[in-house]
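The following report examines selected features of the structure shown below. The reader may wish to keep both the sequence and the 3D view at hand.

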Amino acid sequence: MPIKRVGLIGGGTMGRGIAQTVAAKGIDVYLVEISQEALDQAIKGIAQNIDAEIAKWGMTEGDKRAILARIHGTIKLDELKRRKVDLIIESVPEEISIKKKVLEEIDKFFAQDILFITNTATLSITEIAADLKRKERLIGMHFLNPVPKTALVEIVRGLSTSDRAFEEAKNFAQEIGKTPVEVFEYPGYITSRVIVPFLNEAMYVLMEGVASAEDIDTAMRLGFNFGIGPLTLIDQIGLDELLLWMESLFRELGDLKYRPCPLLRKLVRAGYLGKKSGKGIFTYDEHGHKIQDKPSVLIKH
Amino acid sequence: MKIMVLNCGSSSVKYQLIDSDQENALAKGVVERIGMSGASLKQSRFDGDKLHYVGEILDHTMAIENVLAVLMSRNHGVIKDKNEIDAVGHRVVHGGEKFEASVLITREVMDIIKDCIDLAPLHNPHNIKGIQAAQRLLPDAPQVAVFDTAFHQNMPQHAYMYALPYSLYRKYTIRRYGFHGTSHRYVSHIAAEMMGKPYSKLRIITVHLGNGCSMAAIKDGYSIDTSMGFTPVEGLVMGTRSGDIDPAIILHIMGQEELTLAQANTLLNKHSGLWGISGISSDAREIIEEAGNGNKRAQLALDVMTYRIKKYIGAYTAAMGGLDVLVFTAGIGENSPVVREMACKGLELMGLKIDPVKNKQAIKTRMEISKEDSKAKVLVIPTNEELVIARDTRDIVLGTKPD
């Protein structure tokens with residue numbers, strides 16, 4: 001049974017990306033935000049993302065109209081019930097109490113046996129599901145930013161997620177053009193678990209004065225055909241995000257190999273958060289373009 | 001015979017129910033937004049009756065079910081029972097190298113059409129869905145596939161090979177296929193009739209200018225070359241497609257702008273052509289109007305488009321060793337005297353002279369528009385692909401060979 005209507009809660013960066021991706025496949029999206037203002041902001045953001053893609057010839061004005069026509073905003077959660085959505089994705093802030101609250105509320109008023117998808121990169125599906133009536137219907141989907149352009153989605157099974165829920169999530173992922181991989185809940189899943197220590201290691205190489213920031217990036221980019229160097233990637237992700245990640249892995253797994261690099265900690269304390277704050281490992285102009293050959297002042301070699 | 005003609009796209013089904021004895025459409029219509037909210041069915045009947053219905057239509061099977069229900073309905077219908085439909089003719093975009101004519105759909109034929117999915121990933125899967133749905137709903141009606149590529153399958157090898165490593169041809173059958181075959185075939189036959197000469201003894205150039213645009217060189221009854229190639233992007237300037245470009249340009253732009261494959265694909269297919277040059281519209285009518293108002297880029301778009309057609313007329317005349325008839329067809333070809341005039345201007349030396357008065361009169365009608373003393377004749381012939389599909393279907397079902 002193809003999915004025709006999707007309920008989506010939360011129109012932040014990830015929510016916008018998911019809304020655009022789903023709507024582009026001809027599926028109607030009912031997007032719930034907390035206020036009219038936040039909702040307008042989310043829709044505007046989606047339109048801007050599409051405009052950027054049109055400027056790169058990747059889409060047309062016609063595509064934009066079609067996508068926006070399929071994204072229906074609302075500030076009422078129970079609207080999703082009235083619209084008879086086929087599944088619900090929650091993409092509210094990455095905080096367990098908020099996610100639990102939203103999902104428990106839906107769990108209460110939704111009579112149908114629909115699939116609950118939680119979009120999370122870090123949280124435990126098992127923990128989010130703890131107080132749900134229908135634990136077996138909750139599954140995690142870890143979309144990666146930017147959602148419309150990243151072909152991968154990690155489908156994360158909690159302890160009580162049913163096989164049927166997994167099959168449905170897998171089919172949905174394929175329907176919206178993503179390649180799913182099956183992950184059994186564990187800190188960091190696949191993507192973060194592998195990339196985060198790698199990025200942390202690049203910070204160590206920088207801190208220990210082994211090479212300049214540019215050369216570290218150049219070496220990894222050209223040496224292994226990566227599209228982007230690790231330090232530039234850290235700036236894009238946000239140094240604070242990376243630090244949170246390292247701390248979380250360190251806490252959860254207790255292994256020294258997840259110890260955050262001290263330079264990372266220092267830069268975060270100094271407010272050097274990456275592209276979003278104009279400076280991280282490199283510095284950026286007001287349009288977010290890297291100012292070439294200019295590592296930030298805290299890095300001296 | 002009553003023949004249902006189906007053209008199934010990703011989320012649409014176009015259909016006609018044609019009486020092949022009278023050669024007229026009893027009803028024609030389209031189902032749109034299949035699988036989405038607000039799916040609709042529009043139909044117009046031969047007597048002018050119109051129907052527009054919005055409802056839940058989840059897939060191609062439901063779409064065709066709805067079409068059958070409308071065709072049989074008391075108020076808007078044209079038949080009483082679905083058994084009155086004697087056969088179904090399907091437009092299938094890509095027949096690869098396997099089909100040089102229309103064919104009765106058997107299990108083996110379906111397998112080959114499926115094998116061609118790699119060549120037409122955007123079209124063949126939906127054509128297949130349509131065939132499967134029609135087979136389920138009309139199990140007693142024979143089904144026939146009519147391919148866009150079939151008419152061009154007799155091209156000589158030197159016309160269809162690209163000068164790329166031969167291994168690519170062996171591995172992926174990278175070659176020129178050409179499209180719009182049904183239209184080129186139909187109008188070239190009518191042209192022979194209008195000339196009163198045998199089809200097998202003429203050198204014909206057909207210019208199909210619609211949403212997509214292509215030309216064919218038809219010599220002694222066979223298409224010996226055509227402007228669309230491995231995909232419908234090659235050849236003429238179209239509404240939003242580039243047509244011929246230096247292939248290295250796209251590599252250069254992909255590097256400069258860091259484009260992904262998908263972006264490069266949309267660039268060539270959706271942001272180029274008349275729309276790309278003019279920045280105003282992909283619709284030739286608007287381009288002509290704006291050019292008339294003095295818009296320079298609209299004029300440029302028109303110039304580039306018609307110059308390309310002219311080059312192909314010259315090339316195909318050379319390929320055939322002369323020219324007897326030039327035919328314009330499809331939306332722009334049937335309706336735009338300006339485009340026809342610009343494309344033929346300066347070809348008088350080749351024996352091609354357009355009569356400006358006749359040219360202006362020929363709108364959506366079958367008509368000769370060349371001067372008396374023009375060595376090669378110029379014709380305007382409205383195309384009718386559905387009729388060709390219906391005729392082929394009839395001929396195959398009756399066991400007579402289609403032309």
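In this predicted model, B:V13 is in contact with B:L6, B:C8, B:V30, B:V31, B:I34, B:H60, B:A63, B:I64, B:V67 and B:G130, when neighbours within four places in sequence are left aside. B:V13 also belongs to the largest nonpolar core, which has 108 residues. Together with B:V67, B:I205, B:L326 and B:V327, B:V13 touches the most other members of this core. Helix 11 of chain B, residues 296-320, gives the most to the core, with 8 residues. At least three residues come from each of domain 1 (2-147) and domain 2 (197-385) of chain B. Apart from this core lies another, of 48 residues; among them are A:A23, A:I50, A:L115 and A:L138. In soluble globular proteins, nonpolar side chains tend to be buried together.

| Domain | Residues |
|---|---|
| Domain 1 of chain A | 5-184 |
| Domain 2 of chain A | 193-295 |
| Domain 1 of chain B | 2-147 |
| Domain 2 of chain B | 197-385 |

In chain A, the centres of domain 1 and domain 2, taken over C-alpha atoms, are separated by 29 Å.

Chain B also contains an open sheet of 6 strands, in the order 11-10-9-12-14-13, with mixed pairing. Its edge strands are strand 11 (222-226) and strand 13 (367-368), each of which pairs on one side only. Strands of a sheet pair through backbone hydrogen bonds, either parallel or antiparallel. In which sense do strand 13 and strand 14 of chain B pair? Strand 13 and strand 14 (residues 377-380) of chain B pair in the antiparallel sense, over 2 bridges. Within strand 14 of chain B, B:V380 is the bridge partner of B:M367.

Key: Residues numbered from 1 in each chain as written. Chains lettered and ligands numbered in written order. Predicted model: local features only at pLDDT ≥ 70, side-chain atom pairs only at ≥ 80, totals over all residues. Pairing = 2+ DSSP bridges. Helix = DSSP H or I, 4+ residues; strand = E, 2+ residues; numbered from the N terminus. Domains from an automatic or database assignment. Core = buried A, V, L, I, M, F, W, Y, C linked by C-beta atoms within 7 Å. Buried ≥ 20, exposed ≤ 12 C-beta atoms within 10 Å, placed from the backbone. Contact = placed C-beta atoms within 7 Å.
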